[in-house]
There are 2 protein chains.
Amino acid sequence: MAVKLYDYPKSGNGYKVRLLLAHLAIPYRYLPLDILQGETRTQEFLARNPNGKIPVLELDDGRILAESNAILYWLAQNTPYWPAASFAQSQVLQWLFFEQYSHEPNIAAARFWISIRGLDGSALEAQQLEQKHRAGNAALAVMEQHLQERPFFVDDTYSIADIALYAYTHVAGAGGFELHRYPAVQAWLERVRSQPEHVRITDWQAG
Amino acid sequence: MAVKLYDYPKSGNGYKVRLLLAHLAIPYRYLPLDILQGETRTQEFLARNPNGKIPVLELDDGRILAESNAILYWLAQNTPYWPAASFAQSQVLQWLFFEQYSHEPNIAAARFWISIRGLDGSALEAQQLEQKHRAGNAALAVMEQHLQERPFFVDDTYSIADIALYAYTHVAGAGGFELHRYPAVQAWLERVRSQPEHVRITDWQAG
């Protein structure tokens, strides 16, 4: 038996979980779903996550957890990827919520529209893309400022805050973001990549 | 000395924190800022939160925490509003991330546009409002399904998951959402309101 991870292989949200599972050397069954073919809207999948989104982690005993950053929290308990002090824990969560609210909705959507699904050609999406570039660059600027003075997001230690923010930042170029404008972010991306047992977003195998 | 809460009084995100502070009977200094007047974009505020968003909690010793749900986590440690078991904790976080990703961006934005700032009259915003109503109703439907079988979001116990989701759900009508379509959600709103030391979003006083 092993935990099961339901995921869309190009998803940064799913990649976060795969990256932490690799660091922790936890074996898992990988179940890729194609969101473009509606595979997360089937009755079977909705029974697992009524919100219809990947990633979803299914434990050996059938318990199910959704939301990538909640899955990171669960997996990171009692590991070096989650700090021991409660204020540092709260700071990690601050960055996880920043990621899901200010970063991912802009950076991941731009990447999805431009390089995965393709732009739909509508004026609405073109205007929304502009908004997403503006808001995504604001998020990258907040990260740049923070990383100018520290190697990792919280307590100078690589944690799930770094894992969560790495996932979509390292592929932001595919969404039209110019990462060379953020040198401290680029140096941090390199530090993340040099962590032991790092895997790439393309490193997956259905199981 | 007391903790300080920087907030915009109409913000549901700030209200979450005020509601938990009331439950916990923690005294605090309330510092209202007008986001419509750019008061979260000043140098002074950006020094506290470079992301330029309220709420921000400032502790007695000057440490600062941003992101409403991270502040809830910090305040709820070792209280009945945060469960003891790590899987239940992860489920609470699952709902907090659902709130910030699938719920708040849709329900809060519609309320802000319609009842706080007023619609800007652009075709872009009109189309985005439609998207937000569709996505916000999908989030409410997920909540309705979950609450049909339980009194609160996790472990049949009132927790910060309920506090976070209550904040914008109870004022969703101001964003054009029809809450009478969600009877289990309405019954849950009533259960939240009947908790000891409940305060309303309009209950605040600058200090």
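1. In this predicted model, the bridge partner of A:Glu58 in β4(A) is A:Ile64, and the two strands concerned, β3 (residues 56-58) of chain A and β4(A), pair in the antiparallel sense over three bridges. Strands here are DSSP runs of E of at least two residues and helices are runs of H or I of at least four residues, both numbered from the N terminus, while two strands pair if DSSP finds at least two bridges between them.

2. Residues are numbered from 1 along each chain as its sequence is written, with chains lettered from A and ligands numbered from 1 in the order in which they are written. Local features need pLDDT of at least 70 and side-chain atom pairs count only at pLDDT 80 or more, whereas totals for chains, interfaces and linings use all residues.

3. Strand β1 (residues 3-7) of chain A pairs with β2(A) in the parallel sense over five bridges, and β1(A) is joined to β3(A), running antiparallel, by three bridges.

4. The four strands of chain A form an open sheet of mixed pairing in the order β2-β1-β3-β4. Because β2 (28-32) and β4 (64-66) of chain A stand at the edges with a single partner strand each, one side of each is left without a neighbour in the sheet. Neighbouring strands are turned by 20 degrees against each other on average, direction ignored (axes are lines fitted to C-alpha atoms, and angles run from 0 to 180 degrees between N-to-C directions).

5. Between chains, 26 residues of chain B are in contact with 26 residues of chain A, contact meaning that C-beta atoms, placed from the backbone, lie within 7 Å. On the side of chain B that touches chain A, β4 (64-66), α3 (68-76), α4 (86-116) and α5 (123-147) of chain B each supply at least two residues, and α4(B) gives the most, with 11 residues.

6. The largest nonpolar core has 100 residues, and those touching the most other members include A:Leu20, B:Leu20 and B:Ile160. Such a core is a set of buried Ala, Val, Leu, Ile, Met, Phe, Trp, Tyr and Cys residues joined through C-beta atoms within 7 Å, buried meaning that 20 or more other C-beta atoms lie within 10 Å of the residue's own, with C-beta atoms placed from the backbone. Not counting residues up to four places away in sequence, B:Ile160 touches B:Leu20, B:Leu72, B:Tyr73, B:Ala76, B:Tyr81, B:Trp82 and B:Val92.

Notes
Two residues are in contact if their C-beta atoms, placed from the backbone, lie within 7 Å. A residue is buried if 20 or more other C-beta atoms lie within 10 Å of its own, exposed if 12 or fewer, and partly exposed in between; C-beta atoms are placed from the backbone.
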